[in-house]
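Here are my notes on the structure shown below.

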Protein chains: 2
Amino acid sequence: MLPDPATTAACWPRAGIATLLPALQAALREPVLTSPAARAHYGHGEALPDDAPPDAVVRPRDNGEVAAVARLCHEARVPLIPFGAGTSVEGQVVAIQGGVTMDLSLMDAILDVSPAALDCRVQAGVRRLRLNEALRGDGLFFPVDPGADATLGGMAATRASGTGAVRYGTMRENVLGLTVVTADGRILRTGTRARKSASGYDLTRLFLGSEGTLGIITEVQLRLQGLPEAVSAATCQFPSVEAALEVAVGVLQSGIPVARMEFANAPQMRCCIAFSRLEGLEALPTLFLEFHGSPAAVEEQALAVEALATGAGGGGFAWARRPEDRSRLWKARHDALPANLAHGRGRALMGTDACVPISELAACILETEADIAATGLEAPLIGHVGDGNFHLGILFDAAVPGERERAQTLAHRTGERAIRLGGTCSGEHGIGLHKLDLMAKEHGGALDLMWAIKRAFDPYGIMNPGKLLPPCDGA
Amino acid sequence: MLPDPATTAACWPRAGIATLLPALQAALREPVLTSPAARAHYGHGEALPDDAPPDAVVRPRDNGEVAAVARLCHEARVPLIPFGAGTSVEGQVVAIQGGVTMDLSLMDAILDVSPAALDCRVQAGVRRLRLNEALRGDGLFFPVDPGADATLGGMAATRASGTGAVRYGTMRENVLGLTVVTADGRILRTGTRARKSASGYDLTRLFLGSEGTLGIITEVQLRLQGLPEAVSAATCQFPSVEAALEVAVGVLQSGIPVARMEFANAPQMRCCIAFSRLEGLEALPTLFLEFHGSPAAVEEQALAVEALATGAGGGGFAWARRPEDRSRLWKARHDALPANLAHGRGRALMGTDACVPISELAACILETEADIAATGLEAPLIGHVGDGNFHLGILFDAAVPGERERAQTLAHRTGERAIRLGGTCSGEHGIGLHKLDLMAKEHGGALDLMWAIKRAFDPYGIMNPGKLLPPCDGA
């Protein structure tokens, strides 16, 4: 749920921005933006229409400019909000206390690629699809794929994940190190290029997922993968949610190194079939699978999964061996959001995600489907089933009194349910503004340690204030 | 190098321990140990004979007792040093300021195993081999294998890794969550049972590798793997270090999912052949390989590696398909330390490790071999080549003036070299006491953030003082 605006109102002398602007401009090559249109553009991500514009937008070109801006905001006690591609969905970039939004998209250099080390270093503003285009010539790719064409800095800041995580891990496993600018303007490096380290506290993992509340990520060192020799994809449909998830768990237990394993429930398939004109598929619980490896390994993996699926009552195991068929299939998967919006015919969509132990996923999804039915809203369900992670796209009509609140309550109960089943209220979208009220339930007293880190790293609380951490007594 | 004892002397009123003992005993079911023999037993790990006994040893039986001891030490400002199996090698458990050592080995319950979720929860004192024995009946195993039969709590606290990391990751990738007792005695949980999360700061990864300086790990939630259907092992020998490492890099670039890939240089092979009576192997640079998967996948992976090896001039590709042959081979690998000690005929052994990008590993090893030769000491080299990680076992005669110092200087230069080549001064042994003087070189200004965390979590500096973090201005 959105926090009460009364508790998130500006807590700094807003008039001070006028005196800060000349100093900001003197520190930057690009003009500081203060027009209403620019401020409105930077006041929201891709989520619900919760929107609050910053007072100014800066676009630094290098680490030095980032540090200069941080120092000025730190001294003036002005909020500072990092901004990548604006694709976050939990309100992470909404400037609820105004202040300065820092657009990092001009810092978009691919600094170094090493095919021999299977790593690269990029500035925070590099986008995922462009990076993979640049890597293809070296036979490499970066496997974290959240769907959106996000920046690598934003993906690091939200600990992004997505369809490839079941095989290749999330940003947690694929970032080797960072360059970070602290709240008071120091430029620091975390981690090294080594694949592992036992040297000191893991600052890299601490900044991953910190949503801009501890500092600004300006460079990211990434692990890369060799492009697989062979790729194959398949779909399989099931009579029930339980049957589909029994196969998913069986794949993991058998150690079959599936590269992607996605689940869509019947309402989600209905939307996808209509929007993407999918042939040969019905509105039934469905697994989308992808296999990477040598041609023989891919064939063997796929046959092993087909055997599991057949044993569980799955039918219509359909292959997509040609690249164009695979692309069409995965495009349909990635188009789930527009498919749901099209199905909604003008209704708004509230996305939410949750993640549970894979043993609890079937129970969690069945309970959630019953909850959706009881709520009387439509909310197609799709997810990264190999990680125990799923999404709801809750459709609601903002013009109908109470419908937005019912959608929020459904999202909230989905997070609560995941926590009760041993999981987390967010597997990959993060906390932002929308899940603050689940943090105490999930983390209990450990929230005090998070606040201790926040105060130690950002004593004036300028970094993306009001996000990730719910208010605490000492805050 | 070891820190100057003058700077690590007791900084608390040592006489106070006498008044603390009755309160400690009242909080614990097991007797507090203060005999010289008990104190001596807990004064060192498995490293060099650097040794400093604590003033007392406590053996808690549950989280409540751990918390009570922490509260008492916190109030009395007495150092508190967590102790698992005592297998750390960088001085992590040496009680350089005296105080209370906490032996967690009585907390050895396997709390929960879920074959369906592929996870388990254990108390910190459970040892690795016992856990894997308990899991075997369910067809599961825990893949992090540092060699020593360490406790899972100790492995978490040092971010342990080992031979399986190239395929399955280190503790960083295989710990889902922790129970932690803070310096002031709060019992907190970090993480969840979900495989991934984007909910809040990653406290789990912060405690992993913190070497007891931020709190006491009392429970560990672990990801498990299904036992592979087929396992196969092989050795291959090469005319040069470069040829062996060219193959190792090629395996990674090809995405062959090798389960273990170890390298031993010629002097190391000489020791292993003599000690383990290995037949058919010569004192040449050697790769030890293991493959996990279906029978067909294992066969295909092994053939692909053999082709790479043959292309690089490798010879004597020898299979170990029978379990007893594999066991003998891996026992020889794990017996590298006693092999080196036997070769040393009474000399002491100083172990060190370093980790670099895999593209720099050949250069790093060649430079290190030249450095060893110039130093005039023997120092066999072995390592987890798939991670860019290697170990030196530096043999020295403590009775020869200056020889220990030459060994320390060689270890120090090895860490410096790794840092210069983009890596870390420790891939898996940690910092403890012995690598404090490399921390500033590796982390630069980021050390200030580590100190900020330390002060926020442990304001009186009681948790394992003098380890991991070199002194700083504010310390």
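This is a predicted model: local features need pLDDT of at least 70, side-chain atom pairs count only at pLDDT 80 or more; totals for chains, interfaces and linings use all residues.

1. Chain B is superposed on chain A by a rotation of 180° with 0.0 Å of shift along its axis, at an RMSD of 0.0 Å. The two copies are thus related as by a two-fold rotation axis.

2. Which residues meet. Chain B and chain A each bring 79 residues to the contact. Of the interface residues of chain B, 100% are also interface residues in chain A, so the copies meet through the same surface.

3. Buried area. Between chain B and chain A about 6,300 Å² is buried, and carbon and sulfur atoms give 59% of that area. On the chain B side, the residues that lose the most area to chain A are Lys196(B), Tyr201(B) and Leu449(B). Together these three account for 15% of what that side buries.

4. The rule finds 6 salt bridges across the interface of chain B and chain A. Arg186(B) forms a salt bridge with Asp448(A), where the closest N and O atoms are 3.9 Å apart.

5. Elements and composition. On chain B, the elements that give two or more residues to the side touching chain A are α7 (171-174), β8 (187-191), α8 (203-207), α9 (241-253), α11 (295-311), α16 (439-443) and α17 (446-457). The most comes from α17(B), with 9 residues. By class, this side of chain B has 33 nonpolar, 29 polar and 17 charged residues.

6. Annotation. An unreviewed UniProt entry places the feature "domain: FAD-binding PCMH-type" at residues 50-227 of chain A. In the model, that span of chain A is 24% helix and 26% strand. The end C-alpha atoms of residues 50-227 of chain A lie 40 Å apart.

How values were computed: Residues are numbered from 1 along each chain as its sequence is written. Chains are lettered from A and ligands numbered from 1 in the order in which they are written. Side-chain values use heavy atoms; hydrogens and water are left out. Contact means heavy atoms within 4.5 Å. Buried area is the accessible area (1.4 Å probe) that two parts lose on being put together, summed over both. A salt bridge is a side-chain nitrogen of Lys or Arg within 4 Å of a carboxyl oxygen of Asp or Glu. Helices (H or I, at least four residues) and strands (E, at least two) are DSSP runs, numbered from the N terminus. Ala, Val, Leu, Ile, Met, Phe, Trp, Tyr, Cys and Pro count as nonpolar, Asp, Glu, Lys and Arg as charged, and the others, Gly among them, as polar. UniProt positions are given in the numbering used here, feature names are shortened, and annotations may be inferred rather than shown by experiment. Copies are superposed by least squares on the C-alpha atoms of residues with pLDDT of at least 70 in both.
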